[in-house]
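Student: I have a model open and I'd like to learn how to read it. Can we go through a few features together?

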Amino acid sequence: MRLGVISDVHGNLPALEAVLDDMPTVDALACAGDVVGYNPWPADCVETMREREVPCVQGNHDRAVASGRAPGFNGMAQAGVDYAREQLDADALDWLDALPAERHVADGRVKLVHGHPDDPDHYTYPREFAPDLLDGEALLVMGHTHVQHHEVFDEGIVLNPGSVGQPRDRDPDAAYAVVDLDDRIVDERRVSYDVDAVVDAVADAGLPPEIGERLREGR
């Protein structure tokens with residue numbers, strides 16, 4: 001089985017479309033959270049996930065937008081939450097609110113979380129990838145750090161596919177991964193998109209300019 005894995009779309013529709021166009025043939029898709037936040041297309045990104053029936057978990061920005069509460073968020077993140085709440089209708093907000101903190105897909109072979117299996121808000125960086133994160137699944141998918149990385153252990157695979165809409169690993173290209181669960185092969189992939197158009201759209205939406213400008217450097 002080949003699984004396409006995405007995370008941290010963060011309302012960046014051009015990046016999401018580039019990833020979906022670039023993705024090779026897969027048997028299924030899965031998302032490790034944060035469909036919304038920061039960028040100015042939250043409604044389109046939610047609609048895309050729902051139309052494709054992509055199983056998702058709830059990221060911290062998804063939760064903040066659904067609840068209207070964003071404790072600890074900086075100014076950019078808070079602005080993205082406020083903007084998304086203005087753009088999303090009640091049905092979309094309900095969808096975000098109903099997303100689970102974790103879920104299993106691929107007949108239980110794959111576990112999706114946003115931050116860490118024990119704490120959805122914990123930033124689990126590559127140095128923390130270890131077999132004890134696994135609990136019998138063939139693949140554990142985490143997001144939240146926006147840093148693309150994976151490790152293959154005897155017990156299974158730990159993967160962060162990176163961020164579609166706001167990479168923070170000094171590579172501005174949109175990130176995702178394709179996993180062959182049977183052969184235990186992970187293909188970490190990047191695809192370019194029109195970052196300048198997103199920078200302009202951020203400004204036009206009245207969002208903090210740095211939300212767009214940081215995309216140029218992948219930070």
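This is a predicted model: local features need pLDDT of at least 70, side-chain atom pairs count only at pLDDT 80 or more; totals for chains, interfaces and linings use all residues.

Student: Okay, helix 4. How many residues does helix 4 have, and how far does it reach?

Tutor: Helix 4 runs over residues 75–87, so 13 residues by the DSSP run. From first C-alpha to last, helix 4 reaches 18 Å, close to the 18 Å expected at 1.5 Å a residue.

Student: Which residues of helix 4 are buried?

Tutor: General idea before the case: an α-helix has 3.6 residues a turn, so residues three or four places apart point the same way. In helix 4, the buried ones are Met-76, Ala-77, Ala-79, Gly-80, Val-81, Tyr-83 and Ala-84. They pack against helix 2 (42–51), helix 3 (60–67) and helix 7 (209–213).

Student: What caps the N-terminal end of helix 4?

Tutor: Asn-74 does, with a side-chain oxygen 3.2 Å from the backbone nitrogen of Met-76.

Student: Now the core. Which residues touch the most other members of the largest nonpolar core?

Tutor: Ile-6, Val-35, Met-49, Leu-88 and Leu-96, out of 50 residues. Helix 4 is one of the elements that each supply at least two residues of this core. Take Leu-96: its contacts include Val-36, Val-46, Ala-66 and Leu-88.

Key: Residues are numbered from 1 along each chain as its sequence is written. Side-chain values use heavy atoms; hydrogens and water are left out. Helices (H or I, at least four residues) and strands (E, at least two) are DSSP runs, numbered from the N terminus. The expected span of a helix is 1.5 Å times one less than its number of residues. Buried means under 20% relative accessible area, exposed over 50%, partly exposed in between (1.4 Å probe, protein chains only). Contact means heavy atoms within 4.5 Å. A polar contact is a pair of N or O atoms within 3.5 Å; within protein, one must be able to donate a hydrogen and the other to accept it, and residues adjacent in sequence count only if both atoms are side-chain atoms. A nonpolar core is a set of buried Ala, Val, Leu, Ile, Met, Phe, Trp, Tyr and Cys residues joined through side-chain atoms within 4.5 Å.
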